[in-house]
Amino acid sequence: MSASSARLIILLLVNTAEDVQKVRDSLSSLTNIGAVNGQCLLVATESVASLIPTDLLTVGVSAVVVPEGAPGARLNAAVGQLAELSSWVAVLLPGDRVSPDILQWLASAESHVGEPALLFADEDSLDLEGERCQPLFKTGWNPDAFGAGKDLGNAVFCKAGYLKKVGGFDESLPDANIRTLWYGVAAKAAGEGKPVIHHIPVVLLHRGSDDEGAVERQTRLDLAKRYLEKNQGVSSVAAENGILRVSWALPDKRPLVSFLIPTRDHLDVLKPCVESILDRTEYERFEVLIVDNQSRCPETLAFLESIKRRDERVRVLTWDHEFNFSAINNFGAKHARGELLALVNNDIEPLHGDWLNEMVGQARRPDIGCVGAKLVYPGGRIQHAGLALGVGEVAGHVYRFINENDQRFSGVFSGVRNVSAVTAACLVLRKTLFDQVGGMDEHNLPVNYNDVDLCLRVQRLGYRNLWTPYATLVHHESVSRGTGGGRAKRRASRAEVDYMWRTWEGELRRDPYYNPNLTEIHEDLSLRLIG
């Protein structure tokens, strides 16, 4: 589809007489997209429509008089008058502006994904001087974040025909804003099965004002709860920090979880790791398989002997070979009796008792693959909140070293979300999935990136990987790796990087859960440098 054939109909919701000047600002941005390919409908009730100056009603701009009512009802009245069902529909508030190349991006997206149910793009705000600020760089369609109540924003585009097909905007919500109304449409699309909801990683909307307050946010969360009620397996839904925490039901007979903990000495971290799992984990049905990789310290060996005698849940397996993280975990998995595997480094400690309930509940969902936890450093800063592909050499721990209370990242650390990969420092998945993909790649990835590769192979089977903030553990990081270094180790590490790029180049170049406008060099979510 060529850019010239794309057509966009903008519904500009005019609520008061004071909106008229802001309408002028919005219309000024529409002149660049061309009257032939664009049309703007000023949606207003009779009392407000009578105040719109006639000079605003130029070619491609017309006023649509709609009855009094909720925002959804007014917009549906305007949509009902649209005859060209193949046109894209967007909703603006007075003062909002659109990018001059919006038509080209819509056409390009449609040509690449076929018939999408919804398109949504990045957006930013306009300050009092009309300067752009506060960019909102989004990820691709994220079903689990959406289920937690995170919306798609205001920059959403839907074909008029599809909008009519799903019943339009929700008319039962008196306090709905544009974000909530689009959330309702996306929920209807998601309810159809596997919707094509596609992200355009370009800022196509500049908001003149933020139209969401506490009341509107609560309305959206109520709508999200209604959406979740249709999902089987949800045991409870509770609002926390402006997002929904969704708990998934566990069977009366809890499935057995097998912890796989590779270790070589380092009793200073191993002992608190094992004892904290045994003492602090409320989930009762688990076994701990400590895979000893040539420990030599007498104190470590004495601890291993004593802990397996003291607690029948603990077994010690011997891996008397050169360090190979993948092979060690594969060896442990062969001896595991559990329905689920918990890959755990020997330097983590859970902070609260219900952490494993959360991870098991998520990992048992039929459409979920690998589940990762929120890992923090001993000082409390974030160590792991999901891996972003293509950041650094292969994948990076975005948000690393950030304080989770940092207002710049408000909402990031609340709510479950899908990610392409999570770290095996604490990773739970069904053993059948681990076996189906052949476990970890012990031949090509003995030390690094084996967890990324595992997640991508599980994802390739059609499962979604997931990160949850409701399982929080301290991670001392990397003391479980083998010792040694030098040129041979650097060559081996380079070979692992090369293997990942040969195998997963397409995925590493475009992680759908990481915005391409952000840096691929650092883990600080700064802007990507162009040129």
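Me: In β23, which residue is the bridge partner of Glu-349?
Reply: In β23, Glu-349 has Val-474 as its bridge partner. Before going on: this is a predicted model, where local features need pLDDT of at least 70, side-chain atom pairs count only at pLDDT 80 or more, and totals for chains, interfaces and linings use all residues. Numbering runs from 1 along each chain as its sequence is written, and side-chain values use heavy atoms, with hydrogens and water left out.

Me: What makes β16 and β23 a pair that runs antiparallel?
Reply: Strands are DSSP runs of E of at least two residues, helices are runs of H or I of at least four, and both are numbered from the N terminus. Two strands pair if DSSP finds at least two bridges between them. β16 and β23 have 3, in the antiparallel sense, so they qualify.

Me: How many bridges join β21 to β23, and over how many do β17 and β23 pair?
Reply: β21 and β23 run antiparallel with 2 bridges, and Asn-418 has Leu-466 as its partner there. β17 pairs with β23 in the parallel sense over 7 bridges, and one of the β23 partners is Trp-467, facing up to Gly-372 as a bridge pair.

Me: Why is strand β23 called largely enclosed?
Reply: Buried means under 20% relative accessible area, exposed means over 50%, and partly exposed is in between (1.4 Å probe, protein chains only). In β23 (residues 464-475), 12 of the 12 residues are buried, so the rest of the structure largely encloses this strand.

Me: Why is the contact between Glu-123 and Lys-138 called a salt bridge?
Reply: The rule wants a side-chain nitrogen of Lys or Arg within 4 Å of a carboxyl oxygen of Asp or Glu. Here N to O is 2.6 Å, so the pair passes. It links distant parts of the chain, 15 residues apart: Glu-123 sits in strand β6 (residues 118-126), Lys-138 in the loop between β7 (132-136) and α5 (143-147). Glu-123 is buried at 1%, and Lys-138 is buried at 10%.

Me: How do you know that Arg-245 and Asp-354 form a salt bridge?
Reply: Their closest N and O atoms are 3.9 Å apart, so they're still within the 4 Å cut-off. This one links Arg-245 in strand β11 (residues 243-248) to Asp-354 in the loop between β16 (348-350) and α12 (355-363), 109 residues apart.

Me: Is each of these two buried or partly exposed: Arg-245, Asp-354?
Reply: Arg-245 comes out at 18%, so it counts as buried. Asp-354, at 27%, falls between 20% and 50%, so that one is partly exposed.

Me: How many salt bridges does the structure hold?
Reply: It holds 28.

Me: What makes Phe-146 and Tyr-183 a stacked pair?
Reply: The structure has 9 aromatic pairs. This one is 4.1 Å centre to centre with 15° between the planes.

Me: Where do Tyr-377 and Phe-401 lie, and why is their pair called stacked?
Reply: The ring centres are 5.3 Å apart and the planes are at 5°, so the pair is stacked. Tyr-377 lies in the loop between β17 and β18 (382-384) and Phe-401 in the loop between β20 and β21, so the pair ties together parts 24 residues apart in sequence. Tyr-377 is buried, at 14% relative accessibility.

Me: Why is helix α11 called mostly covered?
Reply: In α11 (residues 325-335), 8 of the 11 residues are buried, including Phe-325, Ile-328 and Ala-333.

How values were computed: Rings of Phe, Tyr and Trp (its six-membered ring) pair if their centres lie within 6.5 Å; planes under 30 degrees apart count as stacked, over 60 as edge-to-face and the rest as tilted.
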